[in-house]
Every structure is written in C-alpha cells, then in structure tokens.
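Here's a quick tour of a few local features. Have the sequence and the 3D view open while you read.

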Amino acid sequence: MTAERPDQLPPPSPDALAASGALLERIHSAIDNAGGWIPFSDYMALALYSPGLGYYSGGARKFGPGGDFITAPELTPLFGQALATQIADILRQTASQVLEVGAGTGLLAADLLAALAELGQLPDRYRILEVSGELRARQQETLQQKVPKLAERVEWIDTLPDNFDGVVIANEVLDVMPVELAVWRDGGIFQRGVAWQDGLRWADRPATGELARAAAALPAPMPTAGEYVSEVCLASRAWVAEWARRLTRGVMLLVDYGYPQREYYLASRSTGTLICYYRHRAHPDPFLWPGLTDITSFVDFTATADAAYDAGLDVLGYIDQGAFLLNCGLLDRVAARGPTENADYIRAARAAQRLIAPHEMGELFKVLAIGRGIAEPLRGFMRGDRLHAL
C-alpha cells in the first residue's frame, strides 16, 4: 500500500474531529504531567488505547470495507478453516480450550468454531481477550449470526489467565503493541519521544536502561552521518515473557507482518517501519488525528522468539503465512468448493491467492509458534519452516 500525504486523505466528520481533539488534550496533559516529554511508546498507547477515545478503545469502525484495513479473516473464511486444522492437532495434546487475543469483528472465532466442530475437535471453552467494548459487542453479534449454536462456548476476559493449557491465537496483535523509537547517530543511541510546542512534535533524549541495552544489541547500521531510526518493541518481549509464566502446556500461534532481524534492520530502512492507516489509506504521520488513525509497526520476529526462549518456552516453528496455510490444507478447502467454473470456487480461489501469493500476504505475513509441553511436530511448519532464519 502506497503512503499518501495527509492532505490527500478524506477529512473526518465533525464528531470524529471533536473526539480526536479531546484525545489530543488528554495527550497534552500527559506530556505536561511528565515534565514536557513522553516516550513514543506512551504516545502510541494513548493514541490507540486511551479509554473511550483511543483508536481501539473508542467507537470507530476499524475492520472491513467500512474501516481502515481488512485482515485475513475479513477476506475469507478459508484462513480460519486452514488454521483450525493446526489447532485441532494441538487440542488433541492439550486441554480443550482456545484463547484468542484481540478478536477483531469475531469472524475468526466464528470460522474456527465452525471448522473445529466439523473436525470433531470443538473446544470446551473459547476465550476472547478484548480491550475494546465496541469490538466485544461486534464479536458477540457476529457469533450469534454465524454460529448461534456454538456461541455459548465463548467467554470474554479482561486480563491474561493465571494459568493456561491449550491454544493461544494472536492474529495481527503484535504489530499494534506500543513501540519505542530508537535513533542511532554518530554520537550514540537516542530515544525518540513526543513533546508539545504549539502542538505535538518530536524530541530526542539519550537512550537509557532497557531500551539502550536492547538497541545496542541490534544489528542496526550505525550511520557515519545523519541518523538511522527504527522500532524496538519492549512491550511484545514483556508480553511473551508474561505468557511464559502462565502457559502450563500448549502453543501460541502468532500471525503478523514482519521480518527476522537480519531483514528488519537494513540500511535501506533508515526511517523504520512505522506506518499509519486511515480509511484503507496508509500515511506516515502518527500525530495526525490521534484516535482516528491506526498506528502500527512491523514485528521483529527474532526478538519475539528470543524473548520466548529466554523465558523458558520452546520455539516450535517460524514460517511464511503462505507456506503455513498450504501445509494446513488450504487448497483442499478451495477444491471442496466444487467445480472450477462454479462462482463460489472462483471467489474462494481468488481469496486464497491473496492469502498465499508472495506479492500479497503470503510472504509479508509470518507465523511464529512458541509453546511448552508439545511433543508432536506442528503440521503447519512441516515444509518451509524458516527457524534457521531467526
């Protein structure tokens, strides 16, 4: 998706602008209360998750044609059907429960429950961890419409469980965790933050503590002139470590767009991977209309895998999404749609192409499996596993 200039974007409605203005005042107060400067991670957390006003905690529509982006479950049920094949295998080795983190509109949950029922491996309990009240309501509506007889198995939770045995799914969750912005210059490593001077503005300080240690260990090119900017997601590392304390047995399937470190920190990515989305259009300005714009960054899968390993989890596989879905029988699902001239088959084939084609979602998106107590190899990683690349 090509990034557009802010002046090329459709203007928000007056009500949306008012809500964004209220959030901007909240951010201004946070900056003042912090002494005039906050890390970018704090700004990103406020912009996305501030109660009632943040992008994910407010009432704006995020997913689907009327939102800002379309995820794989919004594109086709084939994604959930193929994923269910892998989940069914894991459920046979663990307790009969699934936990989905950030369930979007609920379409993936509905597709998974229907497919798992078809496979004879319906979980006793399907939990959804969701921070947005608006999205919870949409998820409940979706489940009642799509799988009314299975909806009673679903329960919503507010925090991570004390312990868990089963399958955890996080589809496009890591990319919206607040990131730190590190700046490499000839004079050292700096932390990019946000200040206020007649509006939001960038301001850098020398990096210290955990960020300084993490950034110094990355293979980022140190410029002899100018600067190199990139993201360091300390939040995702902490999140994985927290799960390691709670996962007694099972597998976490993390699906997102990103790279291993050797592909992430390239000289050609001297401005990082941070990108914003508004009404299906990409733009580069995270300060534009806070609360109305999604802010994301690509996932550093090496750092995520290292955090899992350091916390005592097993790294079970890392693979391109296309290869994972093919290993899980995606093409068989397409073939089951009927004769090739059938309209349903043609729609399914086109959707599958978007999921697996290298120039679409097939290579950009990856699947990382981490877990504990799983003896059998995971079918989704049987061919094309890229653990060596991490």
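## Where α5 meets α6

In this predicted model, helix α5 (residues 107-118) and helix α6 (residues 133-146) have axes that come within 8 Å. The two cross at roughly 35 degrees, and the crossing of α5 past α6 is right-handed.

Who's touching whom? On the α5 side you'll find Leu 107, Ala 109, Ala 110 and Leu 113, and they meet Thr 142, Leu 143 and Lys 146 of α6. Sorted by class, that contact has five nonpolar residues, plus one polar and one charged.

## A three-stranded sheet

Next up is an open sheet of three strands, ordered β12-β11-β13, with antiparallel pairing. β12 (281-283) and β13 (294-296) are the edge strands, each pairing on one side only. On average, neighbouring strands here are turned by 30 degrees against each other, if you ignore direction.

Zoom in on strand β11 (residues 275-278): three bridges join β11 to β12, and the two run antiparallel. To get your bearings, look for Tyr 277, which stands opposite Ala 282 in β12.

## Helix α8

Which residues of α8 are buried? They are Leu 234, Ser 236, Trp 239, Val 240, Ala 241, Trp 243, Ala 244 and Arg 246. When reading that list, keep in mind that residues three or four places apart in an α-helix point the same way, because there are 3.6 residues a turn.

Definitions and conventions
Residues numbered from 1 in each chain as written. Predicted model: local features only at pLDDT ≥ 70, side-chain atom pairs only at ≥ 80, totals over all residues. Heavy atoms only, no water. Buried < 20%, exposed > 50% of the residue type's maximum accessible area, 1.4 Å probe, protein only. Helix = DSSP H or I, 4+ residues; strand = E, 2+ residues; numbered from the N terminus. Axes fitted to C-alpha atoms, helices over the stretch in contact; angles between N-to-C directions. Left-handed = near helix turned anticlockwise from the far one by under 90°. Contact = heavy atoms within 4.5 Å. Nonpolar A, V, L, I, M, F, W, Y, C, P; charged D, E, K, R; others polar. Pairing = 2+ DSSP bridges.
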